[in-house]
Amino acid sequence: MIEEFASQKPRRVSVPVKVGSVTVGGDAPIVVQSMTNTDTADADSTVAQVAALAKAGSEIVRITVDRPEAAQQVPHIRERLDRLGINVPLVGDFHYIGHKLLSDYPDCAAALEKYRINPGNVGFKAKRDTQFSQIIDIALKHDKPVRIGVNWGSLDQELLTKLMDENAASDKPASAAAVMREAIIQSGLLSAERAEALGMGRDKIILSAKVSQVQDLIAVYADLAQRCDYALHLGLTEAGMGTKGIVSSAASMGILLQQGIGDTIRVSLTPEPGGDRTREVQVAQELLQVMGFRSFVPVVAACPGCGRTTSTVFQELAQDIEGHIRTSMPIWREQYPGVESLNVAVMGCIVNGPGESKHADIGISLPGTGETPSAPVFIDGEKVTTLRGPGIADEFKQMVLDYIEQRFGTSQPPASNDAA
């Protein structure tokens with residue numbers, strides 16, 4: 001008996017939160033966000049990186065506000081972004097002295113669209129509640145939401161010690177890892193309850209509970225999702241560099257997203273020295289897209305290559321088309337509504353090439369080793385032509401552009417690229 005494929009579970013119902021013009025939670029699409037690694041006191045580099053992240057598709061950008069010089073620049077950064085036409089919401093990341101910076105620099109407090117509070121370092125001992133309350137009061141004054149972001153690298157040690165002591169005295173003590181996870185969850189929930197007691201609505205609170213191990217992240221969020229209806233931000237903290245960071249983030253968040261958990265995500269990649277910060281945005285988008293939650297850019301399917309495909313033509317063509325699409329998307333989003341749903345196939349031989357090309361909106365099957373030097377092209381499942389000669393790649397690229405224009409083009413003039 002053939003059973004229907006089980007799709008992802010329905011999204012967990014959470015209270016929606018407005019972050020500037022972006023809605024997080026409720027029935028809103030899962031939001032992609034990122035964070036700058038510039039010194040916020042350096043307004044030029046911060047504006048440039050925020051602009052690049054927004055252009056890449058980050059819908060919320062977090063910036064570090066760690067000292068007076070950074071807080072002073074936040075309103076200027078906001079103004080300059082607005083002049084560029086970049087309205088991406090800015091989130092202030094506060095640790096240790098957030099209460100003082102927000103109090104001393106009200107223009108900074110007003111310019112930010114959300115404040116991130118870490119319960120593990122918002123204050124210590126007797127000052128913790130006072131300083132936490134101060135930030136919440138400022139958020140209420142400016143009508144700003146907060147993310148209560150717990151991180152196991154800066155966990156509230158008093159809470160952890162208390163739970164460890166209680167566990168040690170238990171007849172059936174849990175593992176240290178389980179107690180750690182419980183401390184992370186309780187830190188977030190207790191802080192959220194405190195914020196509500198101070199007058200903050202549930203529609204102004206987002207929770208995160210970040211760890212750096214895949215199985216711990218899955219366990220923490222699965223439990224947290226059952227114990228509250230706050231909007232949840234997902235992210236594997238300190239995920240790492242390169243493929244390790246990508247695989248770890250995709251494995252952990254993919255499982256949670258499949259379970260309907262998560263309202264906004266960030267892929268916390270360590271960039272290569274001098275590397276492109278926007279890579280984390282691309283990975284987050286690709287994760288949501290391949291899982292079927294959202295569409296961001298057209299999909300280019302390409303075969304991996306084998307002994308039948310010793311030519312590199314199909315690899316170069318796939319790379320060329322994919323690069324051109326991603327570079328063009330900031331304009332295409334406005335010029336060609338719906339283009340993000342396009343599927344392109346660039347295949348390397350006759351084995352799977354024609355069939356895969358038929359399944360795509362537009363596809364080409366390039367000749368493999370020893371095959372006739374011709375390349376059939378399929379559009380909407382039908383063969384429309386066969387390309388031959390040295391200009392196959394350029395001819396197909398033009399056919400892709402013509403297809404986009406014919407299917408997604410509108411009478412509207414092309415969007416200005418000034419914001420880029």
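Five residues stand out in the largest nonpolar core: of its 109 residues, Tyr115, Leu207, Val346, Ile364 and Phe396 touch the most other members. A nonpolar core is a set of buried Ala, Val, Leu, Ile, Met, Phe, Trp, Tyr and Cys residues joined through side-chain atoms within 4.5 Å. Buried means under 20% relative accessible area, exposed means over 50%, and partly exposed lies in between, using a 1.4 Å probe and protein chains only. This is a predicted model, in which local features need pLDDT of at least 70 and side-chain atom pairs count only at pLDDT 80 or more, while totals for chains, interfaces and linings use all residues. Residues are numbered from 1 along each chain as its sequence is written, and side-chain values use heavy atoms, with hydrogens and water left out.

- Leaving aside neighbours within four places in sequence, Phe396 is in contact (heavy atoms within 4.5 Å) with Leu317, Ile321, Val344, Ala345, Val346, Ile362, Gly363, Ile364, Val377 and Leu387.
- As background, nonpolar side chains tend to be buried together in soluble globular proteins.

**The whole chain**

- The protein chain has 13 helices and 17 strands; helices (H or I, at least four residues) and strands (E, at least two) are DSSP runs, numbered from the N terminus.
- Of the 420 residues of the protein chain, 49% count as buried.
- The C-alpha atoms of the protein chain fill a box of roughly 80 × 55 × 40 Å, taken along the principal axes.
- Among contacts in the protein chain with a separation of 6 or more, 67% come from residues 24 or more positions apart.

**Helix α11 with helix α13**

- The axes of α11 (residues 313-335) and α13 (residues 392-408) come within 12 Å and cross at roughly 25 degrees; axes are lines fitted to C-alpha atoms, for helices over the stretch in contact, and angles run from 0 to 180 degrees between N-to-C directions.
- α11 and α13 are therefore roughly parallel to each other, where angles under 35 degrees count as roughly parallel, over 145 as roughly antiparallel, 65 to 115 as roughly perpendicular and the rest as oblique.
- The contact joins Leu317, Asp320, Ile321, His324, Trp332 and Gln335 of α11 to Ala393, Phe396, Lys397, Val400, Leu401, Ile404 and Phe408 of α13.
- By class, the contact of α11 with α13 has nine nonpolar, two polar and two charged residues; Ala, Val, Leu, Ile, Met, Phe, Trp, Tyr, Cys and Pro count as nonpolar, Asp, Glu, Lys and Arg as charged, and the others, Gly among them, as polar.

**Helix α8 and its two partners**

- With α7 (residues 176-197), helix α8 (residues 214-227) has axes that come within 10 Å and cross at roughly 40 degrees, and α7 and α8 are therefore oblique to each other.
- On the α7 side, the contact is made by Arg181, Glu182, Ile184, Ile185, Gln186 and Leu189, and on the α8 side by Asp216, Ala219, Val220, Asp223, Leu224 and Arg227.
- The contact of α7 with α8 divides into six nonpolar, one polar and five charged residues.
- With α9 (residues 242-258), the axes of α8 come within 9 Å and cross at roughly 25 degrees, and α8 and α9 are therefore roughly parallel to each other.
- Val214, Leu217, Ile218, Tyr221 and Ala222 of α8 meet Ser248, Ser252, Met253, Ile255 and Leu256 of α9.
- The contact of α8 with α9 has eight nonpolar, two polar and no charged residues.

- Arg333 sits in helix α11 and counts as partly exposed, at 32% relative accessibility.
- Not counting residues up to four places away in sequence, Arg333 touches Lys55, Ala56, Gly57, Gln285 and Phe296.
- Asn167, in helix α6 (residues 157-168), is buried, with a relative accessible area of 16%.
- Most residues other than glycine have a negative phi.
- Tyr96 has a positive phi, near 70 degrees; Tyr96 lies in the loop between β5 (90-94) and α3 (98-104) and is exposed, with a relative accessible area of 52%.
- Asp143 also has a positive phi, of about 55 degrees; Asp143 lies in the loop between α5 (127-142) and β7 (146-151) and is exposed at 53% relative accessible area.
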